[in-house]
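Subject: Structure for your files

Hello,

Here is the structure you will be taking over. Please have a look at it first; my notes follow below.

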Amino acid sequence: DEWFSRGKKLPEDPAADTVDFPKRTTPAKGYELLFQPEVVRIYISLLKESKTPAILEASAGAIQNLCAGSWTYGRCIRSALRQEKGLSAIADLLTHDSERVVKAASGALRNLAVDLRNKELIGKHAIPNLVKNLPGGQQTPAKNLSEDTVVSVLNTINEVIVDNLEAAKKLRETQGIEKLVLINKTGNRSEREVRAAALVLQTVWGYKELRKPLEKEGWKKSDFQVNLSNASRTQGGNSFDDSTL
């Protein structure tokens, strides 16, 4: 608690393309070593170079945890991952054969997307891979991921498309709507999956610019209307995946 309460800041400045790490007057020691710029580069190097699933999962998990919360170093690491070309390395892990790697990558991307510039880039480049991890659709072979992983992917998609019309358009272009509606209506998915998919559908329908194109494709307003209690709804933009790997 002490760690994550230090240096809390307001949400990311939309106009800031880079965020510099605070200047140090003394060498980092103890747990501070976990979130220094040079260590972030090590995580990125491991993500790009390692072939070992456990290392990939742990590296993505470390990034996920460090980017959780509105603390100073979380903001810095979200920016550093973009500057060091780490976003694409994490997005690539969404196609990995190991489900544990996919889930860790999804959680990391969700927290990275709190940065508005990251959100834009993830929306452009990671939405297709996120959608491929959802059940249903016409893909072959079909993925059979656990409830926890599917929910993680759905929550990440919602985080990315909130206040991001272009990402919502990309979701529509990549079979995303079809898969989301199937999750809600087939009756063979868990309650958690249905709730998470419903939240994404509600976010999509919230964009008035998308309603006519969706209706032309045969979708109806009722496809996007799912009853969710207020207690079950979580809004994107201020949410983090703070599970620890």
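Lys 185 is exposed, with a relative accessible area of 51%. I use exposed for over 50% relative accessible area, buried for under 20% and partly exposed for what lies in between, with a 1.4 Å probe and protein chains only. The model is a predicted one, in which local features need pLDDT of at least 70 and side-chain atom pairs count only at pLDDT 80 or more, while totals for chains, interfaces and linings use all residues. Residues are numbered from 1 along each chain as its sequence is written, and side-chain values use heavy atoms, with hydrogens and water left out.

Overall

The protein has 13 helices and 0 strands. Of its 245 residues, 47% count as buried. Among contacts (heavy atoms within 4.5 Å) between residues at least 6 apart in sequence, 75% join residues at least 24 apart.

Salt bridges

The count of salt bridges is 12, taking a side-chain nitrogen of Lys or Arg within 4 Å of a carboxyl oxygen of Asp or Glu. Lys 185 is in one of them: its partner is Asp 223, and the closest N and O atoms are 2.6 Å apart. That pair links distant parts of the chain, with Lys 185 in helix H11 (residues 176–185) and Asp 223 in the segment after H13, 38 residues apart. While Lys 185 is exposed, Asp 223 is buried at 11% relative accessible area.

The segment after helix H13 (208–216) also holds Glu 217. The side chain of Glu 217 forms a salt bridge with that of Arg 172, at 2.9 Å from N to O. Arg 172 belongs to helix H10 (residues 165–173), and the two residues, 45 apart, again join distant parts of the chain. Glu 217 is partly exposed, with a relative accessible area of 44%, and Arg 172 is partly exposed with 25%.

Arg 189 and Glu 193 make another salt bridge through their side chains (2.9 Å, N to O). Here Arg 189 is partly exposed at 26% relative accessibility, whereas Glu 193 is buried, with a relative accessible area of 3%.

Helix H4

Helix H4 covers residues 72–83, which makes 12 residues, and spans 17 Å from its first C-alpha to its last, close to the 16 Å expected. The expected span is 1.5 Å times one less than the number of residues. H4 is mostly covered, as 11 of its 12 residues are buried; among them are Tyr 73, Gly 74, Ile 77 and Leu 81, and also the arginines Arg 75, Arg 78 and Arg 82. The buried residues pack against helices H2 (37–49), H3 (53–66), H5 (86–92), H6 (99–112) and H7 (116–125).

Cys 76, in H4, is buried at 1% relative accessible area. Cys 67 is buried too, with 0%. The structure holds 0 disulfides, a disulfide being a pair of cysteine sulfur atoms within 2.5 Å.

Positive phi

Most residues other than glycine have a negative phi, so some exceptions deserve a note. Just after H4, Lys 85 has a positive phi of about 60 degrees. Asp 163, not a glycine, has a positive phi of about 55 degrees; Asp 163 sits in the loop between helix H9 (147–161) and H10 and is exposed at 71% relative accessibility. Gln 175, in the loop between H10 and H11, has a positive phi of about 70 degrees and is partly exposed, with a relative accessible area of 28%.

Second largest pocket

The second largest pocket has a volume of about 230 Å³. It is lined by 13 residues, and Arg 82, Lys 85, Leu 87, Ser 88 and Leu 121 are the closest to its centre. H4, H5 and H7 are the elements that give two or more residues to this lining, with the largest share, 4 residues, coming from H7. On a 1 Å grid over the protein atoms alone, a pocket is an open set of points where a 1.4 Å probe fits, with protein on both sides within 12 Å along at least five of seven lines, and lining residues have an atom within 4 Å of a point. Points are joined across faces, edges and corners, and the volume is the space filled by probe spheres set on them.

Regards
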